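Hi everyone, thanks for coming.

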Amino acid sequence: MITRCGFRESHYYIGESDYVMLFFGMDPNLLRDLIRQRIHDGRLPRTHLIELGHWHGFGQACDGCGSTIARNQKMNVRMCADDWRTIRLHDDCFQIWDAERSLMARAAGA
Ligand SMILES: [Zn+2]
């Protein structure tokens with residue numbers, strides 16, 4: 001069952017439009033820089049986010065990398081506890097954000 005899902009997903013990736021290829025072709029270091037930059041300029045929060053759920057994307061822009069979250073991609077939906085804004089991230093972008101913000105918190109001596 002899991003194998004079948006994996007196969008179907010990779011099939012979708014091949015058939016998806018350019019932005020998906022762009023996202024998957026993105027250098028992970030570039031992605032990390034981009035997300036770090038967004039945390040610095042306030043577009044992404046530094047504080048803990050309330051988990052709202054995981055869904056498949058339906059065409060929104062990811063708040064982390066700016067690419068569209070395609071239907072075949074997992075979307076992580078969170079709410080910022082400070083200003084109640086909703087943050088939508090690719091699962092991968094969420095992991096990077098989470099790692100970066102804990103690094104920053106540690107560097108700030110929190
Ligand atoms: Zn993203």
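Before we start, here's what I mean when I say two residues touch, or are in contact: their C-beta atoms, placed from the backbone, lie within 7 Å. And keep in mind that this is a predicted model.

Okay, now the whole chain. There are four helices and three strands, and reading along the sequence you get α-α-α-β-β-β-α. If you take the contacts with a separation of 6 or more, 59% of them link residues 24 or more positions apart.

On to the strands. β1, residues 49-56, and β2, residues 74-80, run antiparallel and are joined by seven bridges. β2 also runs antiparallel to β3, with five bridges this time. Find asparagine 76 in β2: histidine 54 stands opposite, and in β3 its bridge partner is leucine 89. β2 and β3 form a hairpin with five residues between them, and in that turn tryptophan 84 has a positive phi of about 60 degrees.

Last stop, the inside. Buried residues are 23% of the 110 in the chain. The largest nonpolar core has 13 residues, and the ones touching the most other members are Ile35, Cys62, Leu89, Cys93, Phe94, Ile96 and Trp97. β3 (86-90) and α4 (91-107) each supply at least two residues of this core, and the largest share, four residues, comes from α4.

Terms used: Residues are numbered from 1 along each chain as its sequence is written. This is a predicted model: local features need pLDDT of at least 70, side-chain atom pairs count only at pLDDT 80 or more; totals for chains, interfaces and linings use all residues. A nonpolar core is a set of buried Ala, Val, Leu, Ile, Met, Phe, Trp, Tyr and Cys residues joined through C-beta atoms within 7 Å. A residue is buried if 20 or more other C-beta atoms lie within 10 Å of its own, exposed if 12 or fewer, and partly exposed in between; C-beta atoms are placed from the backbone. Two strands pair if DSSP finds at least two bridges between them.
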